[in-house]
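Okay, thanks everyone for coming.

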Amino acid sequence: MSQTVCITGAARGLGLGYTEHYLKAGWQVLAVARKAKEKDSLKKLTQTYRDQLEVFDADVTQYESLLPLRKRWEAGSLDLLINNAGVLLDRHMDFEKLPLEILRQSFEVNVIAPVALTQMALPALQKSTKPIVAMMSSLMASITDNASGGYYGYRSSKTALNMITRSLATDYPWLIAVALHPGWVQTEMGGSQAPTAVEESISGLTRVIAGLRSEDSGQFRNFKGQTLPW
Ligand SMILES: NC(=O)c1ccc[n+]([C@@H]2O[C@H](COP(=O)([O-])OP(=O)(O)OC[C@H]3O[C@@H](n4cnc5c(N)ncnc54)[C@H](OP(=O)(O)O)[C@@H]3O)[C@@H](O)[C@H]2O)c1
């Protein structure tokens, strides 16, 4: 039987890269995106992968919009949840001018939504023989690595996400929970000057995910498989 993955932020960037990868690999893919039915990237994939791709129109911060996904999870098992949707809202913002709303929005999307989705997915994950939750983190979450400051909302929200990953790994020993850094990647968030192409990052990330064992739960790794400092 084919495996099932759920990917948030699936219509572009790394989320689209994950979606294409797992479709090609024969997985059942639950793709979550805002205005999903209007996104050309997903429309095109639906034509090729009609039986494998299920598209869910949801804003990850709007609980009501996630209910169809919850219903889908009640009907089957889930092998892999990739909490990929994320925002970087405070590029080049000085601390003293940082609107607190930016901090709130960063936590809403980067922390609270992955928690809500993981809570909802737990029963479906429990039905899998090797359930994995992959949190899309960032090296910018690393306290040890932070020598350049700034990015208060982005950095602190991803650091919080890392801590949640670590606690999940402790509290749910049947689950593999990991925080992953994709590298600095050529997406809308990463910009065109980023050194890593989406394909290269996704090829590495999916290799890391495929190789995960239960003893790897709670780790913070990059797309090359290297363990990163907290
Ligand atoms: N690119 C990098 O260099 C880099 C480095 C480190 C970590 N990351 C992390 O990797 C993940 C993917 O990044 P990316 O580079 O692919 O970013 P991106 O190109 O900016 O794409 C972000 C994705 O998140 C979705 N999203 C944002 N808010 C959402 C919401 N409220 N509900 C549903 N979807 C929402 C967007 O959907 P819409 O299309 O609807 O806006 C989009 O699909 C993020 O978590 C990011 O923090 C990226």
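Let me start with how the residues are sorted: Ala, Val, Leu, Ile, Met, Phe, Trp, Tyr, Cys and Pro count as nonpolar, Asp, Glu, Lys and Arg as charged, and the others, Gly among them, as polar. With that sorting, the shell around the ligand comes out as twelve nonpolar, eleven polar and six charged residues. And please keep in mind that this is a predicted model.

So, who is in that shell? We have 29 residues surrounding the ligand, and the closest are R34, N84, Y154, V185 and T187.

On the nitrogen side, D59 has a polar side-chain atom 2.9 Å from a nitrogen atom of the ligand. Then there are ligand oxygens: one sits 2.9 Å from an N or O atom in the side chain of K158. With E188 it's the backbone, where a polar atom is 3.5 Å from an oxygen atom of the ligand.

Two elements give two or more residues to the shell: helix 1 (13-24) and helix 5 (152-171).

Okay, zooming out to the whole chain. You've got six helices and seven strands, and along the sequence they run β-α-β-α-β-α-β-α-β-α-β-α-β. The radius of gyration is 17 Å, close to the 17 Å from the globule rule for 230 residues, so the chain is as compact as a globular protein of that length. Its C-alpha atoms fill a box of roughly 50 × 40 × 35 Å along the principal axes.

Terms used. Residues numbered from 1 in each chain as written. Predicted model: local features only at pLDDT ≥ 70, side-chain atom pairs only at ≥ 80, totals over all residues. Heavy atoms only, no water. Near = heavy atom within 4 Å. Polar contact = N/O pair within 3.5 Å; in protein donor to acceptor, adjacent residues only side chain to side chain. Helix = DSSP H or I, 4+ residues; strand = E, 2+ residues; numbered from the N terminus. Rg over C-alpha atoms; globule rule 2.2 N^0.38 Å.
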